[in-house]
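Hello,

Here is the structure I promised to pass on to you. Have a look at it first, and then read on for my notes.

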Amino acid sequence: NKEDCRKKAMIDASVVEIANSLSSEYNALRPSLIPSLLNVLSSNKHNIYPQDIFEIAKVFRLKKDDVQEDYNLCIMLCNKQADFTRIKQILDVLSLELGINFSIRESSHSSLIHGRSAVIKAKGKNFGIIGELHPKVLEAYYLEMPVSLLEINLESLMEVVKDGT
């Protein structure tokens, strides 16, 4: 919902609201997979760690006056060793397996720790984020373990794969 995106997950992207929503729980289309995966982690705090999860699903963004629909991949590591280095290792494996030279450029993202977040690039195009979750987001979801994540727009990634490296 809109509250999860903006206040709990601190995502400042434009949220596509649903007119005449039947429930406040489902009042918007998600611009990111981060809130839904955080809800999964929050609901499973009672289970043993590590809890390393992923999701591939549709996200929706406002582009001019139209709604753009894309598929994203989000991977979250939730354990005592979850940090930028660990999630970057997963990105490095993806790079190797896909034969794409990924680069990262330090960047700020509202839901990630400043100085431990970056934009993922290939062939000069931004197509994802990587980093460690901000303590305020962890607190909002009642998570006591560190969480690192990456989220990639698969539509943009496929364009890079088709073009080659």
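Let me start with Lys88, which is partly exposed, with a relative accessible area of 23%. Its side chain meets that of Asp92 in a salt bridge, at 2.5 Å from N to O. Asp92 is partly exposed too, at 38%. Both residues sit in helix 3, and because they are 4 residues apart there, about one helical turn separates them. Please keep in mind throughout that this is a predicted model.

That pair belongs to a set of 5 salt bridges in the structure. Another one joins the side chains of Glu69 and Lys58, at 2.7 Å from N to O. This pair ties together distant parts of the chain, since Glu69 lies in strand 4 and Lys58 in strand 3, 11 residues apart. Glu69 has a relative accessible area of 43%, which makes it partly exposed, and Lys58, with 32%, is partly exposed as well.

The salt bridge between the side chains of Asp70 and Arg61 spans 3.7 Å from N to O.

Now for the interior. In soluble globular proteins, nonpolar side chains tend to be buried together. The largest nonpolar core here has 21 residues, and the members that touch the most others are Ile34, Leu38, Met76, Leu133 and Val147. Two or more residues come from each of helix 2 (34–43), strand 3 (51–63), strand 4 (66–78), strand 7 (125–133), helix 4 (135–140) and strand 8 (147–153). Helix 2 gives the most, with 4 residues. There is also a second, separate core of 19 residues, with Leu77, Leu91, Phe102 and Ile120 among them.

Finally, do take a look at helix 5, residues 154–163. Which of its residues are buried? They are Leu154, Ser156, Leu157 and Val160. These four lie on the same side of helix 5, because they cover an arc of only 155° around the axis. On the other side, Lys162 and Asp163 are exposed. The buried residues of helix 5 pack against strand 3, strand 4, helix 3 (84–98), strand 6 (112–122), strand 7 and strand 8. At the start of helix 5, a side-chain oxygen of Asn153 comes to within 2.9 Å of the backbone nitrogen of Glu155.

Happy exploring, and write back with any questions!

Best wishes

How values were computed
Residues numbered from 1 in each chain as written. Predicted model: local features only at pLDDT ≥ 70, side-chain atom pairs only at ≥ 80, totals over all residues. Heavy atoms only, no water. Core = buried A, V, L, I, M, F, W, Y, C linked by side-chain atoms within 4.5 Å. Buried < 20%, exposed > 50% of the residue type's maximum accessible area, 1.4 Å probe, protein only. Arc of directions from axis to C-beta. Contact = heavy atoms within 4.5 Å. Polar contact = N/O pair within 3.5 Å; in protein donor to acceptor, adjacent residues only side chain to side chain. Salt bridge = Lys/Arg side-chain N within 4 Å of Asp/Glu carboxyl O.
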